[in-house]
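I opened my notebook with the model on screen and wrote down what I looked up, entry by entry.

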Amino acid sequence: MCKVIAIANQKGGVAKTTTAGNLGTGLARQGKRVLLIDADAQGSLTASLGYTEPDRIGVTLATVMSHIVNEDTFDAGMGILKHVEGVCLLPANIELSGVEVSLVNIMGRENILREYVSLVADRYDYILVDCSPSLGMVTINALVCADSVLIPVQAAYLPVKGLEQLIKTIGKVKRQLNSRLEIEGILLTMVDSRTNYARDISGLVRKTYGDSVKIFGNSIPFSVRAAEISVEGTSIYQYAPESKVALAYEALVREVLQNG
């Protein structure tokens, strides 16, 4: 059985793409077949995996979604790139913005990505969807096709404040469009454990949401090295295997595997 996890937060700068790449690579290191879907028109995940000019890639998520909208026959494996660290990637670029606009007038617009995922699910153990920092139509598509949502949240006041809106949206999607949707967990990221501020924010998240939503036991520490890996096109396991961030993501992988 393939598990589909959307990695979502409408606020940018919370290590969402870093989490998608390193969680996916970590699962692949455990022998899992993993497909990463870049569902952000900025192509951040695509670029961070070493494909530095996403706008020059000919076949992307926008291409396959357009084929489904137009009811074209196509090879479900088209456009999927194989990364050297064992994960597969369906890339994205600016063309996805045009698809998002066009979806507004399409019947069943929330189900386009779910239809694509159903075509490739038997090839993978995990499909991770890196959502854009918005609650637009492509993100709704990701929530509709997902089994669960992993929510990275920076240990700072404003990102935590935005959690409420995201959790409401997830609940609405669950009630109206995808009854199996669950929250995989809240992942605290960019945590500077040396400061009282970060500890206070972490405590606030656990106090506010801990009774109703799983909060991952491991958090991701703040690290310059974590920011540098997007330039290198590799995972944290390759770039800084002994770092605190690498160990934290390995712990996250174990928690996700335990979740089933």
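Where is Met190 found? I looked, and Met190 sits in the loop between strand E7 (182-189) and H9. A note on names: helices (H or I, at least four residues) and strands (E, at least two) are DSSP runs, numbered from the N terminus.

Before going on, I noted that this is a predicted model, where local features need pLDDT of at least 70 and side-chain atom pairs count only at pLDDT 80 or more, while totals for chains, interfaces and linings use all residues. Residues are numbered from 1 along each chain as its sequence is written, and side-chain values use heavy atoms, with hydrogens and water left out.

Most residues other than glycine have a negative phi. Met190 has a positive one, near 55°. I also checked its cover: Met190 counts as partly exposed because its relative accessibility is 28% (buried means under 20% relative accessible area, exposed over 50%, partly exposed in between, with a 1.4 Å probe and protein chains only).

Ala15 also has a positive phi, near 70°. I found Ala15 in the loop between strand E1 (3-7) and H1. With a relative accessible area of 19%, Ala15 is buried.

**Entry: the largest pocket**

Ala15 turned up again here. I wrote down a volume of about 490 Å³ for the largest pocket, and among its 29 lining residues the closest to its centre are Ala15, Lys16, Thr17, Thr18 and Ala226. The rule I used: on a 1 Å grid over the protein atoms alone, a pocket is an open set of points where a 1.4 Å probe fits, with protein on both sides within 12 Å along at least five of seven lines, and lining residues have an atom within 4 Å of a point. Grid points are joined across faces, edges and corners, and the volume is the space filled by probe spheres set on the points.

Which helix gives the most to the lining? That is H1, with six residues. Helix H1 (16-29), helix H2 (44-48) and helix H10 (224-232) each supply at least two. I sorted the lining into twelve nonpolar, 14 polar and three charged residues (Ala, Val, Leu, Ile, Met, Phe, Trp, Tyr, Cys and Pro count as nonpolar, Asp, Glu, Lys and Arg as charged, and the others, Gly among them, as polar).

**Entry: salt bridges**

I counted ten salt bridges (a side-chain nitrogen of Lys or Arg within 4 Å of a carboxyl oxygen of Asp or Glu). One of them joins Arg180 and Asp147, at 2.8 Å from N to O. This pair links distant parts of the chain, 33 residues apart: Arg180 is in the loop between helix H8 (163-176) and E7, and Asp147 is in the loop between helix H6 (137-145) and strand E6 (148-154).

Another joins Lys214 and Glu255, whose closest N and O atoms are 3.4 Å apart. Lys214 lies in the loop between H9 and H10 and Glu255 in helix H12 (residues 244-259), so I noted distant parts of the chain again, 41 residues apart. Is Glu255 buried or exposed? Glu255 counts as buried, at 11% relative accessibility, whereas Lys214 is partly exposed at 33%.

I also looked up Arg194 and Asp192, which meet in a salt bridge at 2.9 Å, N to O. Arg194 is exposed, with a relative accessible area of 70%, and Asp192 is partly exposed at 21%.
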